[in-house]
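Q: I would like to learn how to read the features of a protein model, one at a time. Could you show me the general idea for each, and then the case at hand?

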Amino acid sequence: PGVWVKGDLEDDILGALNALFANHNEVVNGFYNPMYKSDLRAKSVEIVGGEVIVQLGGTLVRPKDTCESQRMRAQVWYTVSQFSPSRAIIYLNKALLGDLLVVAK
């Protein structure tokens, strides 16, 4: 489903992330959705000093391998980058999402 762009950068990012996380289908338009098992919600988005700070809540089903980790990372960060080229710092329950997506070798 599309997201109505309101013109407020923080609200637009919040809405796009929540639309992404609301889809719990394994395959969307023929593409694998690596976030489908997770139950996430964007709680807040702030622009601070040229950085996008995102606070997520919920439960992340950790990636099973490096490939899935990269897909999950790409999905979330690309969603933010559609609205702002700024660096995005994304937290999940006060931990860095990037750290949670690391797969031990």
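The dialogue below goes through the sheet, the helices and a few single residues.

Q: What kind of model is this, and how are its residues numbered?
A: This is a predicted model, in which local features need pLDDT of at least 70 and side-chain atom pairs count only at pLDDT 80 or more, while totals for chains, interfaces and linings use all residues. Residues are numbered from 1 along each chain as its sequence is written, and side-chain values use heavy atoms, with hydrogens and water left out.

Q: How do I read a sheet, and what is the strand order here?
A: Helices (H or I, at least four residues) and strands (E, at least two) are DSSP runs, numbered from the N terminus, and two strands pair if DSSP finds at least two bridges between them. Here an open sheet of 4 strands, with mixed pairing, runs in the order E3-E4-E5-E6. Strand E3 (39-48) and strand E6 (95-96) stand at the edges with a single partner strand each, so one side of each is left without a neighbour in the sheet.

Q: Which sense of pairing, parallel or antiparallel, joins E3 to E4, and which joins E4 to E5?
A: E3 pairs with strand E4 (residues 51-59) in the antiparallel sense over 9 bridges, whereas the pairing of E4 with E5 is parallel and has 5 bridges.

Q: How does the chain get from E4 to E5, and what is the hand of the crossover?
A: A crossover is right-handed if, with the strands pointing away from the viewer, the path from the first strand over the helix to the second runs clockwise. In this model the chain passes from E4 through H2 to E5, and this β-α-β crossover is right-handed.

Q: How are helices placed against a sheet, and where does H1 lie?
A: Axes are lines fitted to C-alpha atoms, for helices over the stretch in contact, and angles run from 0 to 180 degrees between N-to-C directions; contact means heavy atoms within 4.5 Å. Helix H1 (residues 9-22) lies across E3 and E4 and runs at about 165° to E3. Helix H2 (residues 66-81) also packs on the sheet, where it touches E4 and strand E5 (88-92), and its direction makes about 130° with that of E5.

Q: Which residues of H1 are buried, and what caps its N-terminal end?
A: Buried means under 20% relative accessible area, exposed over 50%, and partly exposed in between (1.4 Å probe, protein chains only). The buried residues of H1 are Asp12, Ile13, Ala16, Leu17, Asn18, Leu20 and Phe21, and what covers them includes E3, E4 and H2. Asparagine 18, for instance, has 13% relative accessibility and so counts as buried; leaving aside neighbours within four places in sequence, asparagine 18 is in contact with Arg41 and Ala42. As for the cap, aspartate 8 places a side-chain oxygen 3.1 Å from the backbone nitrogen of glutamate 10. That is a polar contact (a pair of N or O atoms within 3.5 Å; within protein, one must be able to donate a hydrogen and the other to accept it, and residues adjacent in sequence count only if both atoms are side-chain atoms).

Q: What does serine 69 touch?
A: Serine 69 lies in helix H2 and is buried, with a relative accessible area of 7%. Not counting residues up to four places away in sequence, serine 69 touches Pro63, Leu101, Val102 and Val103, and its side chain reaches the backbone oxygen of leucine 101 at 2.5 Å.

Q: Where is asparagine 29 found, and is it buried or exposed?
A: Asparagine 29 is found in the loop between strand E1 (27-28) and strand E2 (31-32), and at 72% relative accessibility asparagine 29 counts as exposed. Its phi is near 50°, a positive value in a residue other than glycine.
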